[in-house]
Amino acid sequence: MLTAKEIRESFKEFFRSKGHQIVPSAPMVIKDDPTLMFTNAGMNQFKDIILGNKDAKFTRVADSQKCLRVSGKHNDLEEVGHDTYHHTMFEMLGNWSFGDYFKAEAIDWAWEYLVDVLHLDPNRMYATVFEGSAEEGLERDNEAASYWEKHLPSDHIINGNKHDNFWEMGETGPCGPCSEIHIDLRSEEERAAISGKELVNHDHPQVIEIWNLVFMQFNRKADGSLESLPAKVIDTGMGFERLCMALQGKTSNYDTDVFTPLISKIAELSGKKYGDDAKVDVAMRVIADHVRTIAFSIADSQLPSNAKAGYVIRRILRRAVRYAYTFLEQRTPFMYRIIDTLIESMGEAYPEIGKQRDLIMKVIKEEEDSFLRTLENGIRLLDNAIAQAKANGSTEISGKEAFVLYDTYGFPLDLTQLILKENNMTLNQAEFDSEMAAQKQRARSAAAVEADDWVVVNEGEQEFVGYDMTEAETKILRYRKIKQKKQEFYQIILATTPFYAEMGGQVGDCGTLVCGDDKIEIFDTKRENGIGVHLSKTLPTDPSATFIASINKDARLATSCNHTATHLLHESLREVLGTHVEQKGSFVSPELLRFDFSHFQKLTPEEISKVEKLANKKVREAIARDEYRNVPIAEAMNMGAMALFGEKYGDEVRVIRYGSSVELCGGTHVNNTGNIGMIKIISESSIAAGIRRIEAITGAKVEKSIDDTAEVLRQMAELFNNAPNLLQSIKKAIEENAQLREQAQEYMQERVNNIAKSLIQSATLVNGINLMTFTGTRLPEIVKNVAFAIRAQMPENAAFVAATTDVAGKPLLTVMLTDDIVARGLNASAIVRDAAKVIKGGGGGQPGFAQAGGKDAENIHAAFEALVAAIK
């Protein structure tokens, strides 16, 4: 039986023998494509070639690509782990042809590999072909069907509808029919009872699609019409985990050696046995699946966070923690201990996870710790909500409350439902669903983009000249209108452009496009599919004219200063802290720079000072920039350049050197370090486990910061009558202030105790309860302290009610009941909440102490009467 490693290598070797270039997997996390956060298909890294924006270096390519899907057909995150063959992260084995071979070879080679090389039973295989679409004016894909007829009987060739057998990149762009290969893994008895043909594409766990052959031959325009592509593309994708299942004779992906080492380790760590309990089994499958996704994402420099791709990773991680908590009874960090097993299984094919082992484990452990605390806090908040509902005589928790727990605190809905069930409570599910639907609608509205078709003005490819020029004569190649978030703007692609398009953490250039008196503002430049796209609120009067494209030189210089400063800071950090420091992210704009790096503890003020001094020493040395373009990647490595994990480099790269600082970089930089002026670190913080962030400013911003600080010091000196030793004067003032505050607190406490004593002495006996009342204009903190002072001095048979206003005239109601009175059935929270209606307010608290505010101070006396009446 072939192992997973052997299967992966056999695929690459087969297509190498067919003249394919074997390329490495692209990162799973996508950094420079605004339409995608993650690689969700093998074709993503070839998108520029497929769209015609870039020439193919090789016309035949094959690889094993790590992918991530958490939405779409069969990829609902909440379903992963409950069946046998769907995952978040998966490997996609694929082969591509860019204008070379087409349907005949793709089908013949797929058959040859599956049947002749892997020896899968041909009698168990089915192929689907596109049945055609009358509305699109497309006939059945008879060409593909004719090639399949060489290998399969006609009853194993199945017509598929547009949904299953017509592949599209998006609403617009390359598309075409596809042919899926399915395999029937059921027993002979099951196959005899029901034909596999009846179960294809019907979600049967043993009749599954293993390979999809996509024949890109059309381009979908914005109006929905199709046009033929000049260069046809083959794009195939085979699910590696499913192929292993078929070859290893298993009925579940999780029973293959892709997952069994992980599940065995989870069983060992949890003390549970896989196969004994269905819920435990689901939990183990969830964790085994999710830990792969999390580890590979971190290795690709995507840390868990509360935004965009980071939020997706955090959501996946927390789902795994929740299953470990609920079904494996894990109350301490657990998943990080599985990483060594994962590296042992997949580290050979994907060495990045081994090289990033320490970071992966530390980040996961800290995230587990954090979410376990969240679960504890969520349970406490839910317990309070349950107690409040029961006090009000209700057995139902509001869907809004549950949604706040879910959305704000990250508390899982199913755990809420489980705890409610244990307390004989229910959830208003319709209300929760309504809140969830509203949130999803807000997200859809925010993300919705309407794009017109490109209007082609001139043919040609874009040339970027921004490394050498700040303005250039150019023509518009094409443009289109975009509508997003109720705003309209235009995307313009220029033939020759000095505008740097946002990439690698550096913001895009802004500037102007001028032809005579016609001038339009370019407010940003983005990179889409490898091309610089210029954004403008307006179009030129004559788009076919010749223009002068000019960038904002001041903004570019400030950005370049900050970008070069990141290189100097990176080198200085490694020198001060150690060579374990690696860049994990950056942001460079004209205003400031952010630099994220691996380090496991907070930087001391002395370390920050050392880093600054080293970097500024290189600034003063005015080191000239050495720039090397189109350098083979191996040669760049030999020059000492560092390759960053999570970045995909081409065969040729650009190297930027300032003395001993050598980095692979596509950004803009100063001619020599002296142009920077000065570097000042303005903050240092943690953004994740093992990841620190510094923010810094350069040049004129540092000068302004120094001037501002000097002005503040001058004004402070004036406040202290220009004392010769300002620091000593400030220390003395702070000490004197602390002494005065302590004296004031002692006085206030004495006053509170005296008020409490006086109220106790004048207490009225009502129904056997010592009732004390408090009215008038009072500070809120005085009222609260008096209530607790009374409780301390009279711990039994005491009730305190207050109806007061503060100095601003805002009303406040307060009720304190001793524990024995609460035991009799009185509830301070319920009393104060009812009385607050009189002053148009609300509030609550605990059964023994509660407060409520309001808007109507004129009715404070009536509210007071309501409080007293409730006690009576």
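I started at the hairpin that joins strand E6 to strand E7 through four residues. Strands here are DSSP runs of E with at least two residues, helices are runs of H or I with at least four, and both are numbered from the N terminus.

The model is predicted, so I note the limits: local features need pLDDT of at least 70, side-chain atom pairs count only at pLDDT 80 or more, and totals for chains, interfaces and linings use all residues. Residues are numbered from 1 along each chain as its sequence is written, and side-chain values use heavy atoms, with hydrogens and water left out.

**Strand E7**

I looked up the pairing of E6 (residues 166-168) with E7 and found three bridges, antiparallel; strands pair if DSSP finds at least two bridges between them. Trp167 stands opposite Gly176 in E7.

Strand E4 (residues 125-130) is also antiparallel to E7, again through three bridges, and there Tyr126 faces His182.

With E8 (residues 207-220), E7 forms 10 bridges, antiparallel. I noted Asn212 of E8 as the bridge partner of Glu180.

I then checked burial (under 20% relative accessible area, 1.4 Å probe, protein chains only). In E7 (residues 173-184), 12 of the 12 residues are buried, so the strand is largely enclosed by the rest of the structure.

**Helices H1 and H3**

I found that the axes of H1 (residues 4-17) and H3 (residues 103-117), lines fitted to C-alpha atoms over the stretch in contact, come within 11 Å and cross at roughly 135 degrees. I list the contact residues (heavy atoms within 4.5 Å): Ile7, Ser10, Phe11, Phe14 and Phe15 of H1, with Trp109, Glu112, Tyr113 and Val117 of H3.

How values were computed:
Buried < 20%, exposed > 50% of the residue type's maximum accessible area, 1.4 Å probe, protein only. Axes fitted to C-alpha atoms, helices over the stretch in contact; angles between N-to-C directions.
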